[in-house]
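Please open the model in your viewer and keep the sequence panel beside it.

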Amino acid sequence: MYTQSMSVPDEAGSRTVQPLALSEPAERMARFDACIDADGRIEPQDWMPEAYRKTLVRQISQHAHSEIVGMLPEGNWISRAPSLKRKAILLAKVQDEGGHGLYLYSAAETLGTSRDQMLDALHSGRAKYSSIFNYPTLNWADVGVVGWLVDGAAIMNQVPLCRCSYGPYARAMVRVCKEESFHQRQGYEALLVMMRGTQAQRDMVQDAVNRWWWKCLAMFGPPDSDSPNSGQGMRWGIKRVSNDDLRQQFVDATVPQAKVLGVSLPDPLLKWNEERQHHDYGPIDWDEFWNTVNGNGPCNKERLATRVKAHQDGAWVREAALAHARKQEQRRMKEAA
Ligand SMILES: [Fe+2]
Ligand SMILES: [Fe+2]
């Protein structure tokens, strides 16, 4: 889901893409540019500038990490879902996120990086993932709000990625977006049920919305004026809509949904601007955003430790699968001999 961090660097240091090396062969470069200009697709076997490849590896791997770390806040609630129906829905949703991670790791591997390299970067803390997953899901209303707002923000972000210039990424996003749509609806529907319940349930929903709203707005990443890589990403057809435009689309789409739900959004400056034909909204706390992106949010350490443990606990599965594959290969060779 969750492309916020995909426009931030993995490690401290330069926040701008390196300029293209002058030694890139002019002819291949011209062919690449022509393909981009014609809104074509770059495929794994095609030549591409090193900076384009690096940008995609960073973005797709951060996206993949976000999907699998994103399983954790809601995974905590599978054993505590209020009914069998809610448990089945949540299980399906969390499994979808695992699947999204797998498609995206596979897409990134076509660019010449390995699954081990990407996971090592995540587990050692060098790689980023979406900051939104470093906040806790305190009660069942949080699970609904994550579906409604976090997956809702993800859809805004990811629909344009279906038209990304890199073929394997664009194709992976088509199915991901369909599943994200189900995630958003299941969250919204769970909240509608709570809002028709007791006053205590309505209060829980409002409290969860208050805690998640601003963090969801920050998911779209820094303002365009502070996103040095965005221009190049747009030029390459990787990014199709700017952070601020996506954020505005999200606000405009969410306001009427909040009204139907019967909750208020915690922003006194939120109001319709007749002239712009959009909603105005208040300032976002970017210090908090960067603090969380840089590892100091409330759950960063817990999320990473859980991920590393899950990876270690799964070592025997990977070993068994490799041993099985070796055995099959030996059998095939014997039969062929
Ligand atoms: Fe997802
Ligand atoms: Fe999702």
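This is a predicted model: local features need pLDDT of at least 70, side-chain atom pairs count only at pLDDT 80 or more; totals for chains, interfaces and linings use all residues.

Residues are numbered from 1 along each chain as its sequence is written, chains are lettered from A and ligands numbered from 1 in the order in which they are written, and side-chain values use heavy atoms, with hydrogens and water left out.

**The whole chain.** Begin with a cartoon view, where the protein shows 13 helices and two strands; these are DSSP runs numbered from the N terminus, helices being H or I with at least four residues and strands being E with at least two. The C-alpha trace spans about 70 × 50 × 35 Å along its principal axes. The radius of gyration is 21 Å, in agreement with the value near 20 Å that a compact globule of 337 residues would have; the radius is taken over C-alpha atoms, and the globule rule is 2.2 Å times the number of residues to the power 0.38. Buried residues make up 50% of the 337, where buried means under 20% relative accessible area, exposed over 50%, and partly exposed in between, with a 1.4 Å probe and protein chains only.

**The iron pair.** Select the iron ion (ligand 1) next, which is coordinated by Glu-67 (OE), Glu-97 (OE), His-100 (ND1) and Glu-180 (OE) at 2.0 to 2.2 Å. Donors are N, O and S atoms within 2.8 Å of the metal (3.2 Å for Na, K and Ca), and water is not among the atoms, so sites may look incomplete. The iron ion (ligand 2) has Glu-97 (OE), Asp-151 (OD), Glu-180 (OE) and His-183 (ND1) as its donors, at 2.0 to 2.2 Å. How far apart are the two iron ions, and which residue coordinates both? They are 3.4 Å apart, and Glu-97 coordinates both.

Of its 13 lining residues, the closest to the centre are Leu-102, Leu-119, Arg-307, His-311 and Arg-318. The elements giving two or more residues to the lining are α4, α5 (115-123) and α12 (300-313). A pocket is an open set of points on a 1 Å grid over the protein atoms alone, where a 1.4 Å probe fits, with protein on both sides within 12 Å along at least five of seven lines, and lining residues have an atom within 4 Å of a point.

**Two loop residues.** Finish with Asp-39, in the loop between α1 (26-37) and α2 (50-69), which has a positive phi of about 60 degrees although it is not a glycine. Then select Gln-277, in the loop between β1 (271-273) and β2 (278-280), where phi is also positive, near 60 degrees.
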